[in-house]
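Here is my short note for your first look. Please keep the viewer open and follow the points in order.

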Amino acid sequence: MPSCTEAKAALRAELRRRAAAMDPDLRRESDRALLARFLALPAAAEAGALLLFAGVGTEPDTRPLLEDLWRRGRGVLLPKCLPGRAMEARRVRGWEELEPGAFGIPEPSDACPAVDKGDIDLILVPALCYDLSRRRLGQGGGYYDRYLAGYTGRTVGLCREGLLQRAVPAEEHDRAVDLVVTEERLLGSLSEF
């Protein structure tokens, strides 16, 4: 019987392979649907400060979302990786404030102001996939698991319907998000959003 760590690694490899094999046109269509459904959430519309992510590789392309929110003058925050596998949220007003960060992911420069997690209304949590219980399988670094510990605001995940799992291997520290958005449905209680 594989350990939870081994099961997660095997599922990550399978999901990365499936995501990479996805037709680029279908991926763009999926991205548009995911972002539109996210923006339609009342909590996303009302949030003053949103911690988002810059999608890379086969993750949902969040560029249109970021650009839309910047145009509207919304409080866009992006994560910055810190030593010790920690991260913090920093306010960003445009692409020019980003620089290549850990793992090649664009992240805020040191000039961008840090924001306390208690001041964040909503966090869009990246993942390779989610399951029906809204648990995530991340990239494996543990950055978000550590960051979300003690966070009391709302959390949302985007998941392509074709990658949604019945159940992902989970450990005690793995925290479910409040709502998962797919192209076809919402998992979780919309009344809280």
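This is a predicted model: local features need pLDDT of at least 70, side-chain atom pairs count only at pLDDT 80 or more; totals for chains, interfaces and linings use all residues.

1. Now look at the two strands involved. β10 covers residues 154-158 and β11 covers residues 179-181. They run parallel, and three bridges join them.

2. Step back to the sheet. Eight strands form an open sheet with mixed pairing. The order is β6-β3-β2-β1-β7-β10-β11-β12. β6 (114-115) and β12 (186-188) are the edge strands, since each pairs on one side only.

3. Next, find the loop between β1 (49-51) and α4 (63-71). Glu59 sits in this loop. Glu59 is buried, yet it has no salt bridge. The nearest side chain of opposite charge is Arg136, 7.5 Å away. A salt bridge would need the charged atoms within 4 Å.

4. What does the side chain of Glu59 reach at 3.0 Å? It reaches the backbone nitrogen of Val56. Leaving aside neighbours within four places in sequence, Glu59 is in contact with Phe53, Ala54, Pro126, Gln139 and Arg160.

5. Thr62 is also in the loop between β1 and α4. Is Thr62 buried or exposed? Thr62 counts as buried because its relative accessibility is 1%, and the cut-off for buried is under 20%. Not counting residues up to four places away in sequence, Thr62 touches Leu35, Phe53, Ala54 and Gly55.

How values were computed. Residues are numbered from 1 along each chain as its sequence is written. Side-chain values use heavy atoms; hydrogens and water are left out. Helices (H or I, at least four residues) and strands (E, at least two) are DSSP runs, numbered from the N terminus. Buried means under 20% relative accessible area, exposed over 50%, partly exposed in between (1.4 Å probe, protein chains only). Lys and Arg count as positive and Asp and Glu as negative; His and the chain ends are not counted. A polar contact is a pair of N or O atoms within 3.5 Å; within protein, one must be able to donate a hydrogen and the other to accept it, and residues adjacent in sequence count only if both atoms are side-chain atoms. Contact means heavy atoms within 4.5 Å. Two strands pair if DSSP finds at least two bridges between them.
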